[in-house]
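Trainee: Could you take me through this model step by step, so that I learn how to read it?
Mentor: Gladly; let us look at it together first.

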Amino acid sequence: MSEPFEFDGRVAVITGAASGFGRAFAQQAAALGMKLVLADVDQGLLDETVNALREGGTQVIGVRTDVRDAAQVDALAKAALDTYGKVHLLFNNAGVGTGGFVWESSAKDWDWVFGVNVMGVANGVRSFTPAMLTQGERAHIVNTASVAGLLSPPAMGVYNASKHAVVSLTETLYHDLKNVTDKVSCSLLCPAFVSTGIANAGRSRPDDLRNDAPPTRSQQAADLQLQRAVRSGKLTPGDVAKATFDAVREGRFYILTHPQILPSVKLRHEDIETLRNPTDPLSLKPEVRQAPQ
Ligand SMILES: NC(=O)c1ccc[n+]([C@@H]2O[C@H](COP(=O)([O-])OP(=O)(O)OC[C@H]3O[C@@H](n4cnc5c(N)ncnc54)[C@H](O)[C@@H]3O)[C@@H](O)[C@H]2O)c1
């Protein structure tokens, strides 16, 4: 796969497309002449995003999809193939988060965050990859993980575990694809904090997975820490989208939009290699720390 990936006239499917990175991917894909299938659980924002792109002349459909649900993701793949015949670029991007001490995270926290962040990506890979393999053209999958998939900052255990799962799933996907094809590949997006709707992810939480108990102190502190960290982000979603499309074009797997986190990744790897007890990754970033009261 030495030739650069071509975007013009090809088909992209994006989950979590109504906000943040997903919407920025859609805007970038449209600017590159792609046809789009946008999926999100938020019907109102999805309609707005689809309408704005259509007014700009892009061929685009919106399919309300809850990525936790295997049947809905199958239906999304069917809608994409029925409409455009092929899929060349898939962004498994929808994601949510909760914070607080691991032992204070509820069964509903685990169910919701793993449902969206892990099963959402697994469903996308399962529903779309077979068609990408049989259509006989270049295709690419981008899974959105996070630096939380490379590090384990405190008071983010559920989110960290879900993103570590996405890292492992996507590295494995890379090897599995390489074993069977030179036309389909994948990339792993690991951004640090960027100002999107992520600090307000609870807005899309289904009613049956909302917590009955009020947030604990560690959960309140983690929430404040996330708000502060996201506000401190210097890159825009558009910057992240541009870096992601550049990586896809060049066939690069690891997309680390914030190279300043690499010393923390190295520290973690050294902890493992030297059997040293884990270093707190936020010790290198004290400005985002909000200790539980
Ligand atoms: N913003 C950051 O700082 C940051 C950093 C690292 C990783 N990420 C990851 O980036 C991805 C995109 O998040 P974002 O920052 O753009 O946040 P965002 O909240 O702006 O966008 C996420 C979108 O996903 C949608 N969504 C939520 N649950 C869904 C479901 N069950 N099915 C379909 N769609 C669903 C939401 O409605 C929303 O439109 C997520 O995977 C997130 O974990 C974000």
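**Reading the sheet, the rings and one loop**

Mentor: Strand 5 (residues 139-144) and strand 6 (residues 184-189) pair in the parallel sense over 6 bridges. Strands are DSSP runs (E, at least two residues), as helices are (H or I, at least four), numbered from the N terminus, and two strands pair if DSSP finds at least two bridges between them. This is a predicted model, in which local features need pLDDT of at least 70 and side-chain atom pairs count only at pLDDT 80 or more, while totals for chains, interfaces and linings use all residues. Residues are numbered from 1 along each chain as its sequence is written, and side-chain values use heavy atoms, with hydrogens and water left out.

Trainee: Which residue in strand 6 does Ala 139 stand opposite?
Mentor: Ala 139 belongs to the stretch 139-144, which is strand 5. Its place opposite strand 6 is taken by Val 184.

Trainee: Which are the edge strands of the sheet?
Mentor: The sheet is open, with 7 strands in the order 3-2-1-4-5-6-7 and parallel pairing. An edge strand pairs on one side only, and this holds for strand 3 (60-64) and strand 7 (254-255).

Trainee: Which parts does the pair of Phe 91 and Phe 245 tie together?
Mentor: The structure holds 8 aromatic pairs, where rings of Phe, Tyr and Trp (its six-membered ring) pair if their centres lie within 6.5 Å, and planes under 30 degrees apart count as stacked, over 60 as edge-to-face and the rest as tilted. Phe 91 and Phe 245 form a tilted pair, at 5.5 Å centre to centre and 40° between the planes. These two residues are 154 residues apart in sequence, so the pair ties together strand 4 (residues 89-92) and helix 7 (residues 237-250).

Trainee: Is Thr 65 buried or exposed?
Mentor: Thr 65 has its place in the loop between strand 3 and helix 3. Buried means under 20% relative accessible area, exposed over 50% and partly exposed in between (1.4 Å probe, protein chains only). At 2% relative accessibility, Thr 65 therefore counts as buried.
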